[in-house]
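Me: I have a two-chain model open and would like to talk it through. Could you start with how the bigger picture looks?
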Amino acid sequence: MLDVNKIREDFPILKRKVNDNPLIYFDNAATTQKPIQVMDAVRDFYQNHNAAVHRAVHTLSQEATDLYESAHEEVAKFINARGSEETVFVRGTTEAINLVAYAWGLRNLKRGDEILVSLMEHHSNIVPWEIISEMTKANVKFGEVNDDGSLNYESLENMMSKKTKIVCLSHVSNVTGIVNDVKRVVRAAHENGSLALIDGAQSVPHMPVDVKDLEADFLAFSGHKMLAPTGIGVLYGKKEILEKMEPFQGGGGMIREVSFDMRKRQCSISWNALPGKFEAGTPNVGGAVGLMEAIRYLKRLGMKNVKAHEETLTKYVMPLMKKVKKVTLFGPKDPYVKCGIMPFGIKGLSSHDVALFLDSYGIMIRSGFHCAQPLHEFFKLNSTARASFYVYNTREEVDRFIEVLEEIEQF
Amino acid sequence: MVSVEDYVARTEGTCGKEQDVIVMFKFDRKDEAVKKILAKATLKKSIAGIIFELTFGKYSFRLYGSGKAIFRDLQNKEELNALLSDLLS
């Protein structure tokens, strides 16, 4: 069990008021708040150790490099990767998927090949593949979802064929919170001879994720959704696949050597070892330090406890929301198959009205498509309101949220 | 002549099929803006002086005491500016 009151002391922002009400932050699927430990670690880096990493001999650069490499190792251990060479630092999930789409997709996809995604994907797991399909003349295929938003596994598996080169699926839907059986999909993809990419943006921050157990070829996730700063994220890739891939971007840091043949007037370039091959330019060292501290914070809480806490809140809120007459809950009705993401609507009000109402009472939620327009079109919804929980949210906050929903209902 | 820019910090088209526009008033002038709009528009209903459903001519919209307003069915930015200019004058 989490000691939520103690946790809340680490988040100064939760003490502030918004519109004269205590802040209730229920927009955690978009981004999370940051504990003082993470802010202190980032400040300490810039205050005491800031330098560009790698290839400098001075003390500050050595210290920065040690911190940066420690961050790689911390990430690798957190997701049980075989080593830090399998964890590439990127800006976030979007860049991680784009990296695979461009660096792997452009060189391995050809006319008629298929990229299999699902209807529940975030735009960041659709749009890069649409762009690459346009460039390679491959086709993007969409696996179906059931009426409750759950994945139709049979549909997805039946769509796999010799043409399917990669299967890309979110571990947890950012709209419904449903947890997909990604192990089953990865196994089916591998039996079909396809690669499997998992969008872990909504799973890695909320539950134990073990890449060896999942056997996925790629896993993408963002630091800012798990207490770390914005602008840092991770692409996990199996070493043997990353080694075969060509770089995503060129520049400093990602090369071993750029030698120039004076006679031929030509460059000869060799790539850096992993993960440097995919980290062109001076990396976001401060962000990596923040991510390392965020992971340490989550590990101290225990990811099983994080998951259990969100399950408790989900089980608590769902029946209460159902009691509010004008509220409709979307997605699965069973709290045991989902994470702490609650998509809902209020009869007669747009999702933006609902979000503005709640904002007036200091409660922050999301409204709109949540970057998942295809799923909303499947549900025939113009948009949805979405409340989402994290480690610092409490039952008392849920009670206040329900009280305000009941007030809105009277409007 | 009232300048809309004097009061408005930002306008944002909403994400979703509704295509609503949310207007955020400048923090230091939001109370003044809310007061002016309440004096001009017709109140249909409100909750605790925090949320107001209003009409003004052919337009219906919601105004929030927090300094935001949501407008629907506007054709373009010029129409929004003209409406805001009338409401804030």
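Reply: This is a predicted model, and in chain A, which has 411 residues, 49% count as buried.

Me: What radius of gyration does chain A have, and what would a compact globule have?
Reply: Chain A has 22 Å, which agrees with the value near 22 Å that a compact globule with 411 residues would have. Along the principal axes, the C-alpha atoms of chain A fill a box of roughly 80 × 55 × 35 Å.

Me: And how many helices and strands are there in chain A?
Reply: Chain A contains 14 helices and 17 strands.

Me: What ipTM does the predictor give the complex?
Reply: The ipTM is 0.84, given together with a pTM of 0.94, while chain B averages a pLDDT of 90.

Me: Now α2 of chain B: which residues are buried there?
Reply: In that helix, residues 30-40, the buried ones are Ala33(B), Val34(B) and Ile37(B). They lie on the same side of α2(B) because they cover an arc of only 100 degrees around the axis.

Me: What do the buried residues of α2(B) pack against?
Reply: They pack against α1, β2, β5 and α3 of chain B, whereas the face turned away from the buried side carries the exposed residues Asp31(B), Lys35(B) and Ala39(B).

Methods
Residues numbered from 1 in each chain as written. Chains lettered and ligands numbered in written order. Predicted model: local features only at pLDDT ≥ 70, side-chain atom pairs only at ≥ 80, totals over all residues. Buried ≥ 20, exposed ≤ 12 C-beta atoms within 10 Å, placed from the backbone. Helix = DSSP H or I, 4+ residues; strand = E, 2+ residues; numbered from the N terminus. Arc of directions from axis to C-beta. Contact = placed C-beta atoms within 7 Å. pLDDT = per-residue confidence, 0-100. Rg over C-alpha atoms; globule rule 2.2 N^0.38 Å.
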